[in-house]
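User: Hello! I am new to this structure and would like to get to know it step by step. Could you take me through it?

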Amino acid sequence: MAHTSTQDAGTGVTLRGGAKLRGVSKSYGDGEASVAALDGVDLDLGAGELVVVLGPSGSGKTTLLNVLGGIEPAGGGSVEVAGVDLTGRRPRGLAGFRRDHIGFVFQFFNLVPTLTARENVEVMVELTGRGERRDAAGLLESVGLGDRLDHFPAQLSGGQQQRVAIARALATDPDLLLADEPTGALDVATGKSVLRLLQRTNREGRGVLMVTHNAAIARMAHRVVTMRDGRVESVERNAAPADVADVDW
Ligand SMILES: Nc1ncnc2c1ncn2[C@@H]1O[C@H](COP(=O)(O)OP(=O)(O)O)[C@@H](O)[C@H]1O
Ligand SMILES: [Mg+2]
């Protein structure tokens, strides 16, 4: 299996993820109703980077994330993610890539309401055949929910539900974790606890790409991508990303 992984010279951590997009387009609808959600996107993301994507509503952020994660194919251009060439792959061919390389975290958590926290994590292991069911409790402990294993989503706060969602995403040991406005539905303190987890998982070497409306969060990123009208408007690199504890909004 193709893999982009390099060692960080300083820490010895294996750096995972990374992406290379060239001339990527994606439109929805036909004829006059057609909307170019992505319009010639060129983008390089390094392995092991924490990337923040900013931009106004409708600028193509979610579409970019969906193309990177193999949720939907690009309409044109070339896409390589975590060392895997996705160019020209149809939806069926993307499913295996998603399973083997990508974790997703969404704004509204998307937990299964009829399953407990533990079962929400276990079901990911069962669906993908990756990871171990018995690790579900340990993953939930690692996100601070060791005492909430048998609670249902409705019995958990928003921040706790998002932490279950992060544990679920990590159950398959993804190279790249994609998070679409993961703090968008949370208050500041709760949002910070979620960001702390995302930063921690990044420091373990995983790529993390997060869409947000909150420009303050950009300080914790290695790379900040700003989208506008389906294009990459700017890319800024940050040699010294801030610790989440030092980011305020
Ligand atoms: N499934 C879809 N069907 C039709 N249009 C869509 C669909 N998804 C996104 N779009 C359109 O594509 C553009 C970019 O959307 P999106 O990527 O969701 O932007 P953002 O996440 O930055 O708000 C918008 O104009 C949006 O209306
Ligand atoms: Mg969006």
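This is a predicted model: local features need pLDDT of at least 70, side-chain atom pairs count only at pLDDT 80 or more; totals for chains, interfaces and linings use all residues.

User: Thanks! Which residues of H1 are buried?

Analyst: Helix H1 covers residues 61-68. Seven of its eight residues are buried, so H1 is largely enclosed by the rest of the structure. The buried ones are Lys-61, Thr-63, Leu-64, Leu-65, Asn-66, Val-67 and Leu-68.

User: What radius of gyration does the protein have?

Analyst: Let us begin with the box filled by the C-alpha atoms, roughly 50 × 40 × 40 Å along the principal axes. A compact globule of 249 residues would have a radius of gyration near 18 Å, and the protein agrees with that, because its own value is 17 Å.

User: What percentage of contacts between residues at least 6 apart in sequence join residues at least 24 apart?

Analyst: For some background, the protein has six helices and 12 strands, and 45% of its 249 residues count as buried. Among contacts between residues at least 6 apart in sequence, the share that joins residues at least 24 apart is 70%.

User: Is Leu-197 buried or exposed?

Analyst: Leu-197 lies in helix H6, residues 188-203. Its contacts, not counting residues up to four places away in sequence, are Val-143, Arg-163 and Ile-166. Since 23 other C-beta atoms lie within 10 Å of Leu-197 and the cut-off is 20 or more, Leu-197 is buried.

User: Which element gives the largest share of the shell around ligand 1?

Analyst: The residues around ligand 1 are Tyr-28, Gly-29, Val-35, Ala-37, Gly-55, Ser-57, Gly-58, Ser-59, Gly-60, Lys-61, Thr-62 and Thr-63. Two elements give two or more residues to this shell, namely strand S4 (35-45) and helix H1 (61-68). The largest share is three residues, and it comes from H1.

User: Which strands are at the edges of the open sheet of four strands?

Analyst: The sheet has the order S4-S3-S6-S7, with antiparallel pairing. Within it, S3 (residues 19-28) and S4 pair over eight bridges, while S6 (residues 76-81) and S7 pair over two bridges. The edge strands pair on one side only, and they are S4 and S7.

User: Which residue in the turn between S3 and S4 has a positive phi?

Analyst: Ser-27 has Ala-36 of S4 as its bridge partner. S3 and S4 form a hairpin with six residues between them, and the turn residue with a positive phi, about 80 degrees, is Gly-29.

User: Is Asp-229 buried or partly exposed?

Analyst: Asp-229 lies in the loop between S11 and S12, two strands that pair in the antiparallel sense over six bridges. Although Asp-229 is not a glycine, its phi is positive, near 50 degrees. With 14 other C-beta atoms within 10 Å, Asp-229 is partly exposed.

User: And is Phe-109 buried or exposed?

Analyst: Phe-109 is found in the loop between strand S8 (102-105) and helix H3 (117-128). Phe-109 has a positive phi of about 70 degrees, although it is not a glycine. With 22 other C-beta atoms within 10 Å, Phe-109 is buried.

Note on methods:
Residues are numbered from 1 along each chain as its sequence is written. Chains are lettered from A and ligands numbered from 1 in the order in which they are written. A residue is near a molecule or strand if its C-beta atom, placed from the backbone, lies within 6 Å of it. Two strands pair if DSSP finds at least two bridges between them. The radius of gyration is taken over C-alpha atoms; the globule rule is 2.2 Å times the number of residues to the power 0.38. A residue is buried if 20 or more other C-beta atoms lie within 10 Å of its own, exposed if 12 or fewer, and partly exposed in between; C-beta atoms are placed from the backbone. Two residues are in contact if their C-beta atoms, placed from the backbone, lie within 7 Å.
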